[in-house]
Amino acid sequence: MDTEAKDFDVMTLGCPSRVIMQRLGDKWTPLVFLALKDGPRRFSQLRSDIGGVTPKVLTQTLRSLERDGLLNRTIYPEVPPRVEYELTDLGRTVLGPLEVIREWSQDHAALILQARDDYDESHDA
């Protein structure tokens with residue numbers, strides 16, 4: 001398969017880049033990336049950092065990101081075994097765009113909430 005970027009178009013049905021974009025935009029993936037931006041974390045640390053994610057969903061998200069080559073899972077031969085998750089070099093390339101989205105979200109949250117309130121008030125009547 002030719003994997004040059006020009007061959008992919010997220011607007012085309014069935015394009016693999018669409019699946020990747022959906023993965024990056026799901027509910028938990030961006031939060032996993034932000035939790036891992038400063039280095040390796042254990043599962044319990046990730047769960048605590050993210051807040052609200054169930055163990056099952058976090059496990060599914062981590063497995064998907066590992067499969068996509070965006071993070072590594074390292075098992076240390078200790079008793080009990082210690083497992084850490086860390087972004088790969090490819091995974092770290094996502095941090096720049098995610099940081100911009102995080103900042104924009106935080107900077108504009110009040111405006112978005114006000115717009116929702118205004119919309120709801122105008123559509124309740």
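**Close-up views of a predicted model**

**View 1. The largest pocket and its lining.** Helix 6 gives the most to the lining of the largest pocket, contributing five residues, where helices (H or I, at least four residues) and strands (E, at least two) are DSSP runs numbered from the N terminus. This is a predicted model, in which local features need pLDDT of at least 70 and side-chain atom pairs count only at pLDDT 80 or more, while totals for chains, interfaces and linings use all residues. Residues are numbered from 1 along each chain as its sequence is written, and side-chain values use heavy atoms, with hydrogens and water left out. The largest pocket holds about 220 Å³ of space; a pocket is an open set of points on a 1 Å grid over the protein atoms alone, where a 1.4 Å probe fits and protein lies on both sides within 12 Å along at least five of seven lines, and lining residues have an atom within 4 Å of a point. Of the 13 lining residues, L24, P30, L98, I101 and R102 are the closest to the centre of this pocket. Two or more lining residues come from each of helix 1 (16-24), helix 2 (29-36) and helix 6 (95-124).

**View 2. The crossing of helix 2 and helix 6.** The axes of these two helices, which are lines fitted to C-alpha atoms over the stretch in contact, come within 10 Å and cross at roughly 110 degrees, with angles running from 0 to 180 degrees between N-to-C directions. Helix 2 is therefore roughly perpendicular to helix 6, a term that covers angles of 65 to 115 degrees. P30, F33 and L34 of helix 2 meet L95, L98, E99 and R102 of helix 6 in this contact, which is defined by heavy atoms within 4.5 Å.

View 3. F43, in helix 3 (residues 43-50), counts as partly exposed because its relative accessibility is 25%, the class between buried (under 20% relative accessible area) and exposed (over 50%), computed with a 1.4 Å probe on protein chains only. Apart from neighbours within four places in sequence, F43 is in contact with P55, L58, T59, L62, V83 and Y85. Of these, V83 is 40 residues from F43 in sequence, yet the two lie 7.3 Å apart in space, C-alpha to C-alpha.

**View 4. The cis peptide bond at P80.** V79 and P80 are joined by a cis peptide bond with omega of about -5 degrees, and P80 lies in the loop between strand 2 (71-76) and strand 3 (82-87).

How values were computed. Points joined across faces, edges and corners; volume = space filled by probe spheres on them. Parallel < 35°, antiparallel > 145°, perpendicular 65-115°, else oblique.
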